Amino acid sequence: MRNEVRFSGFGGQGIILSAVILGRAAVMYDNKFAVQTQVYGPEARGGASMSQVVIDDEQILYPKVSVPDIYVIMSQEGFEKYGASAQESAIMLIDSTLVHSRPKCRCIEIPATREAKLNLKKDIVANIVMLGALVAATHVVSEESLKKAILDSVPKGTEELNLKAMQLGLQLGKQS
Amino acid sequence: MTRVEFWQGNTACAEGALAAGCTFFGGYPITPSTEVAEHMAAKLPKKGGVFIQMEDEIASMASIIGASWTGARAMTATSGPGFSLMMENIGFAVMTETPCVVVNVQRGGPSTGQPTMSAQGDMMQVRFGSHGDIAIIALCPATVQEMYELTIKAFNLADKYRVPVFLMTDETIGHMREKIIVPDTVERVGRKPFSAGSPPFRVTDKDLIPGFPTFGTGQHVHVTGLTHDERGYPAATHPALHEALVRRLVDKIENARYEMADYDVINPDAEQVFVAYGAPVRTVMQVMHDKKDKNIGFLRIRTVWPFPEKALFAFKNAKRFLVPEMNLGQIAREIERHVCVPVRTIPKLGGELHTPKELVAALEEKP
Amino acid sequence: MSYDDWFRKDRLPHIFCAGCGNGTIINCTLAAVDQMNWKKEDTIFVSGIGCSSRAPGYILTDSLHTTHGRAIAFATGVKMAKPDFNVVVFTGDGDMAAIGGNHFIHACRRNIDLTVVCMNNQIYGMTGGQGSPTTPRGCLSSTTPAGCNEAPFDLCDLAIAAGANYVSRWTSYHVKELEKAVKVGLETPGFSFIEVLVQCPTAFGRRNKFRQVMDHVEYLRSHSLLKAKRDRLLEKNQPVPEDMFVVGELMKRNRPALGVKP
């Protein structure tokens, strides 16, 4: 089973980190294969950032995403550039705080940035909220693996905050 | 014992270097290779090694050659524009038989081109870019696993053959993260010992490789980029000596091309045969997997230079070779030199990897 | 041991022209090295390309004769990889100040523990007398046939501004002073730079009214202005003669250095 997941948002939201965490969860803790790639521009902040993950039970040959079946979109520009063309069979998780457009495919609205701000006082962890919601909605990796991969990847001292963000995302994902 | 990691290609390269016992890294930041330098900057000093950021790539190349003569396993990493600057001292390393490893994470050229996009446009430059007749070794990884393994191999070949060895990777492999199995121990092949008192560049073995007289061991070796005799002394106007020296420098690599050849032959009875190295290997493998057709062959090459032309002859029924490269057809020319059937280049510029669809289209076209 | 013991005698005769001052500078440098009681196997000479850069080939130690302008970059690799080594660089004005200018200022900035002896003959000698970055205004060379119309570099000012710990300038006339200066350079941790103005009868003197070798050496002597004298002139607000160059120890300081022997 091959899943192709595309993340997009603006630079600084942690889009690439989200993809790395997802790939890491699959490889290190779910005993699967994964390849994470990204699109780089010259700007270090802002702009539309995009990163993709292929997850497979078997060795991954062609490493790039051809047709994503799962989208995580966290900015309007990201939607327009990397989400609008989603095929109808795809699932798209959208940060409904920041994205006003909606795709033709099945869409799960997660107010990640608003909820992170309200509940955790930190909108910086909105990407982790989205990851929690993604796993709740798609089971592309297990909850336990996601948790471990988050703990591997976030800065020291922010573990608790990030785990709360993941839990919040899991809840939001299950409700939707 | 082994362990699983989820590493970026450039990280795997740096970790491979550390596992190989690299103790000196001299470099200059350039996209898309910078992560190699950053990883070495973080890790190398903790292991007792030296990381130094030089003022440019000319100096980076110079510094690793200087370090190598003290006995260090030395490395630098760069991309196209920096690689162009290194050409001068690469020639010096060839002429003085200095072991060193140069990583080129290829990006789109010419000139500044596409700093963040992938390419394989430097495959001829690495072979012929430095002036004069030279021979070098170039390895091309197609997975993050191979980034690790071929970096280690690069150090071993550099020491064994006393030549700069190039890890000619690309942005695709350098920047992707994937699963890698990291071994506990790695094989190390060191430099041929030097027999004290003999002329430093005298060759007595059939392999044409002199022993390495490390600086500081009392051998008083004079190392010059000028044409030199076996004592290492300049002899730049001596025609026969120059010819003998340059022929030896080329022959010691070219004669060993089968010995160091690293490639896979898949479906040797096939009539249509893909040949690939680096990132396009991944697309070919996808096509092979999807098609499951014994009539499609694949020669997957890891040692691109010296070119293992014998591998082509494994495909006895080949009616056509198809060569996807992220350039306008560089290694395809090398293949054309050796075979009597058509060679179909599948060039791709722009910075993106060939898609399986593109390769299938080339495969299915009517001749 | 004497400085004579450092010569690689099976390489003689050398390629320097009759009347060339490079041999004087090599002798002075080796005399200073000899006083350091360094072991030959721990001492590395490095050079680039040009007449000056042939020096390491005549010295019986491990040595690197590298590419044009890059000597200091190679030496940086040697010294950083093995700080126990004593590393001395021979270079010239074309090698170090033109093609190698960037490596020079960055080595000064890093204050890496090298001693660099620059034989400044104010011309490209080996390639037959082309103008260099230190060719004085008005001087003739094969590429400045109407007289050089560019300003020359002051290499010592450059080294001081870029951060070198030790900087001095002498000429091929001042052999005692030069030997002493090189010794202080070898002793000083960090980057030591010794510029030596030197006659080149074949490429420079011939074109610039120094018919005899000694005419040029005499010019170097008579146009040298001791730093102490220059400082006194400045103190008294008196003009410093424009046709003279300052010689002496121009900088000695103890800034943090790189690659110092542990």
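**Strands, helices and chain contacts in a predicted model**

Strands S5(B) and S6(B) form a hairpin with 5 residues between them, and B:Ser111 in the turn has a positive phi of about 55 degrees. Helices (H or I, at least four residues) and strands (E, at least two) are DSSP runs, numbered from the N terminus. This is a predicted model, in which local features need pLDDT of at least 70 and side-chain atom pairs count only at pLDDT 80 or more, while totals for chains, interfaces and linings use all residues. Residues are numbered from 1 along each chain as its sequence is written, and chains are lettered from A and ligands numbered from 1 in the order in which they are written.

**The hairpin of chain B**

- S5 (residues 100–108) and S6 (residues 114–118) of chain B run antiparallel and are joined by 2 bridges; two strands pair if DSSP finds at least two bridges between them.
- B:Gly108 has B:Gln114 in S6(B) as its bridge partner.

**Two helices of chain C**

- Helix H1 (residues 22–35) and helix H6 (residues 175–187) of chain C have axes that come within 8 Å and cross at roughly 50 degrees. Axes are lines fitted to C-alpha atoms, for helices over the stretch in contact, and angles run from 0 to 180 degrees between N-to-C directions.
- H1(C) and H6(C) are therefore oblique to each other (angles under 35 degrees count as roughly parallel, over 145 as roughly antiparallel, 65 to 115 as roughly perpendicular and the rest as oblique).
- On the H1(C) side, the residues that meet H6(C) include C:Thr24, C:Cys28 and C:Ala32, and the H6(C) side includes C:Val175, C:Leu178 and C:Lys183.
- This contact of H1(C) with H6(C) consists of 8 nonpolar, 3 polar and 2 charged residues. Ala, Val, Leu, Ile, Met, Phe, Trp, Tyr, Cys and Pro count as nonpolar, Asp, Glu, Lys and Arg as charged, and the others, Gly among them, as polar.

**Contacts between chains**

- Chain A has 19 residues in contact with 16 residues of chain B (two residues are in contact if their C-beta atoms, placed from the backbone, lie within 7 Å).
- S2(A) gives the largest share of the side of chain A that touches chain B, 6 residues.
- That side of chain A has 11 nonpolar, 6 polar and 2 charged residues.
- S2(A) is also joined by 2 bridges to strand S9 (residues 177–183) of chain B, and the two run antiparallel. Here A:Gln36 stands opposite B:Arg177 in S9(B).
- Of the 2 pairs of chains that touch, chains B and C have the most contacts.
- Chain A and chain C share no contact, and their closest C-alpha atoms lie 27 Å apart.
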